[in-house]
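Here is a short briefing to read alongside the sequence and the model.

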Amino acid sequence: MKKLGVFLIAALVFASCEKKSVIEVTASNFPDNTEVEILAVEVGKDVPTEVAKGTIVGGKVSIEHKFTELDEAFLSIKSEGEQGFNAFFLGEPGTITIKIDKETPEKTVVGGTENNEKLQKFQNEINPYAEKIMKFSDENGMQMMMMAQNGQTDSEEFKKLQTQYEELLVAPKTILDKYAKENEGNAFGMFLLNQMIPAGEKTPAEFKAEYDKYSKGLKESKIGKRVAERLSQILDEGEGVKGLSVGEKLPEFKALTPEGKELTLSSFLQGKKLVLVDVWAAWCGPCRQENPNVVKAYEAYHAKGFDIIGYSIDKEDAAWKKAIATDKLTWTQVSNLKFWEDPIIADYGIEGIPANYLVDGNGTILAMNLRGEELSKTVEELLAK
């Protein structure tokens, strides 16, 4: 009995000394009792589920978590009367720190654990260039769109702006390539590979070759399974890319309007004759250049039975809403603000944007990826039938 008592005491001491994994959140300018959720998406599923939650008191909240390996996760703060605030981070064992300010959510800082420190360092390097790209689009996007609409893409002025835009893309790509090389073979490298695939910088076969360099253990991890899932969506027996075709029914989706109301494709299509599902983003230069053509088609044919629903894969709420106003996109808009992680990317087999799908009231695809005058011409022909 005496020995048993010693063992029990030792076990209790050991258990009390075990370090718990927590997420320490510093939330500035949020009122007390504001709810905080930690969300993650199970491999093979599209909808995030709650894995932990807490309540802000005095600008802080400590949330115990059960991430046992690297995984993609989100901090979600629901603020009364507003759409909410989200912050991406990497779930992993240990103490994760997240600092978010309601007034400047775009300046959220993550850290604490090895891979979140890497993530923040990566974001610190790449974000200034992303901001420059956004600024360029805001200042020159409309002009380039008008020039493209008026057939002036061969002009010296347009070529100069196009060259400036392409030059802005060089630095972010260089930074991404640097981090990918530095992290070859580890979990953060696998995470970066998962982010790179939708951008289509390499062929499906080249991405598969990169994936094959990783260990069996990493391939069987959650982040490894995500990459495998994404690869399976773009590979078809090693050749070609899976995607949608004319005559197929457009898959269902659900997303939120700028006002925070959930909207599904099927509900939007009810009673409609001809609808364009336009997948775009505020940060996407080609999307912004194409927007005047979409505006032109909408203004010409909306009264005759043509409608549009814009589906953005933005990640910043403010940038998305600003682009809607700047480009005068007066039709229905939705987004999940999940960037390339949005379910529509996998469901539709999207490799790049802009991407659009012209469908009838039943959701059957009549045409895809219409650009310029081709959009208006096709809409006119279909409405005349």
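Predicted model: local features only at pLDDT ≥ 70, side-chain atom pairs only at ≥ 80, totals over all residues.

With nine of its 10 residues buried, H4 (residues 187–196) is largely enclosed by the rest of the structure. At the N-terminal end, Asn-186 caps the helix, placing a side-chain oxygen 3.1 Å from the backbone nitrogen of Phe-188.

**The overall picture**

- The protein is built with 12 helices and 15 strands.
- Of its 385 residues, 44% count as buried.
- Among contacts in the protein with a separation of 6 or more, 65% join residues 24 or more positions apart.

- The average pLDDT of the protein is 86, and 88% of the residues score at least 70.
- Which elements have the lowest and the highest mean pLDDT? Helix H1 (residues 2–17) has the lowest, at 47, while strand S12 (residues 306–312) has the highest, at 97.
- Residues 11–17 have a pLDDT below 50, and this stretch makes zero contacts in the model beyond near neighbours in sequence.
- Residues 237–241 also have a pLDDT below 50; that stretch has five contacts beyond near neighbours in sequence.

- The model has three cavities of 30 Å³ or more.
- The second largest cavity holds about 50 Å³ of space.
- Its lining consists of Phe-136, Ser-137, Asn-140, Gly-141, Met-144, Tyr-165, Gly-285, Arg-288 and Gln-289.
- Helix H2 (114–149) and helix H9 (285–301) each supply at least two residues of the lining of this second largest cavity.
- H2 gives the most to that lining, with five residues.

**Thr-108, in a loop**

- Where does Thr-108 sit? Thr-108 is in the loop between strand S7 (96–101) and strand S8 (109–111).
- Is Thr-108 buried or exposed? Thr-108 has a relative accessibility of 14%, so it counts as buried, the cut-off being under 20%.
- A polar atom of the Thr-108 side chain lies 2.7 Å from the backbone oxygen of Pro-105.
- Leaving aside residues up to four places away in sequence, Thr-108 touches Ala-87, Ile-98, Lys-99, Ile-100 and Gln-120.

**Tyr-348, in helix H11**

- Tyr-348 belongs to helix H11 (residues 343–348).
- With a relative accessible area of 2%, Tyr-348 is buried.
- The side chain of Tyr-348 reaches the backbone oxygen of Pro-251 at 2.7 Å.
- Tyr-348 and Glu-252 are 96 residues apart along the chain, and their C-alpha atoms are separated by 9.7 Å.

**Glu-373, in helix H12**

- Glu-373 is part of helix H12 (residues 373–384).
- Glu-373 and Ala-297 lie 76 residues apart in sequence, yet 8.5 Å apart in space from C-alpha to C-alpha.

How values were computed: Residues numbered from 1 in each chain as written. Heavy atoms only, no water. Helix = DSSP H or I, 4+ residues; strand = E, 2+ residues; numbered from the N terminus. Buried < 20%, exposed > 50% of the residue type's maximum accessible area, 1.4 Å probe, protein only. Contact = heavy atoms within 4.5 Å. pLDDT = per-residue confidence, 0-100. Polar contact = N/O pair within 3.5 Å; in protein donor to acceptor, adjacent residues only side chain to side chain. 1 Å grid on protein atoms, 1.4 Å probe; cavity = no way out; pocket = protein on both sides within 12 Å on 5 of 7 lines; lining within 4 Å. Points joined across faces, edges and corners; volume = space filled by probe spheres on them.
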